[in-house]
Amino acid sequence: MSSRVKGPAGEVLSGIYSAAAEALASTCTVASVDRPDVAVMGMRISTTVLAPCTTGTFRALAGLRARQSGQLIWNVDVVDDDGTPCATSVVTVAVRERPAR
């Protein structure tokens, strides 16, 4: 892990987990919806750090929790190289019709 994503104690900053979760959930929503006439944007995120992640790499894994009118809700789990859970997030992604041009 790069020092650019770590705090003074050498642990990955919690905001990095949140940013990764939002990016992954938004990307998964775009792929899931697959419509050029809609806009996809992060609407709400709640991230909990479970254990410090200090070396190696981490992986974020997303699973669809719910599909509702105008939004998709994702669970995103971050694990380290050993599979140890580092963080978990619930991400709500809005899906809105684009205005006519």
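**Exercise 1. Which residues make up the largest nonpolar core?**

Two ground rules come before the solution. This is a predicted model, in which local features need pLDDT of at least 70, side-chain atom pairs count only at pLDDT 80 or more, and totals for chains, interfaces and linings use all residues. Residues are numbered from 1 along each chain as its sequence is written, and side-chain values use heavy atoms, with hydrogens and water left out.

Solution. 
- Step 1: A nonpolar core is a set of buried Ala, Val, Leu, Ile, Met, Phe, Trp, Tyr and Cys residues joined through side-chain atoms within 4.5 Å. Buried means under 20% relative accessible area, exposed over 50%, and partly exposed in between (1.4 Å probe, protein chains only).
- Step 2: list the members. The 10 residues are Ala21, Ala25, Val33, Val38, Leu72, Trp74, Val76, Val91, Val93 and Val95.
- Step 3: assign elements. Two or more of these residues come from each of α1, β3 (71-80) and β4 (85-97). Helices (H or I, at least four residues) and strands (E, at least two) are DSSP runs, numbered from the N terminus.
- Step 4: look for another core. A second, separate one has 6 residues, including Val12, Cys53, Val78 and Cys86.

**Exercise 2. Determine whether threonine 29 is buried or exposed, and list its contacts.**

Solution. 
- Step 1: locate the residue. Threonine 29 sits in helix α1, residues 14-33.
- Step 2: classify. Threonine 29 is buried because its relative accessibility is 0%.
- Step 3: list contacts (heavy atoms within 4.5 Å). Beyond four places in sequence, threonine 29 meets Val40, Leu72, Trp74, Val93 and Val95.
- Step 4: check from the other side.

**Exercise 3. Trace the salt bridges of arginine 35.**

Solution. 
- Step 1: Side chains of opposite charge can pair when their charged atoms come close.
- Step 2: apply the cut-off. A salt bridge needs a side-chain nitrogen of Lys or Arg within 4 Å of a carboxyl oxygen of Asp or Glu. The whole structure holds 2.
- Step 3: take the pairs. Arginine 35 bridges aspartate 37 at 2.8 Å, N to O. Arginine 35 also bridges glutamate 97, with the closest N and O atoms 2.9 Å apart.
- Step 4: Arginine 35 is in the loop between α1 and β1 (38-49), and glutamate 97 is in strand β4, 62 residues apart.
- Step 5: Arginine 35 is partly exposed at 38%. Aspartate 37 is partly exposed at 34%. Glutamate 97 is exposed at 53%.
- Step 6: join up. Shared partners put Arg35, Asp37 and Glu97 in one network.
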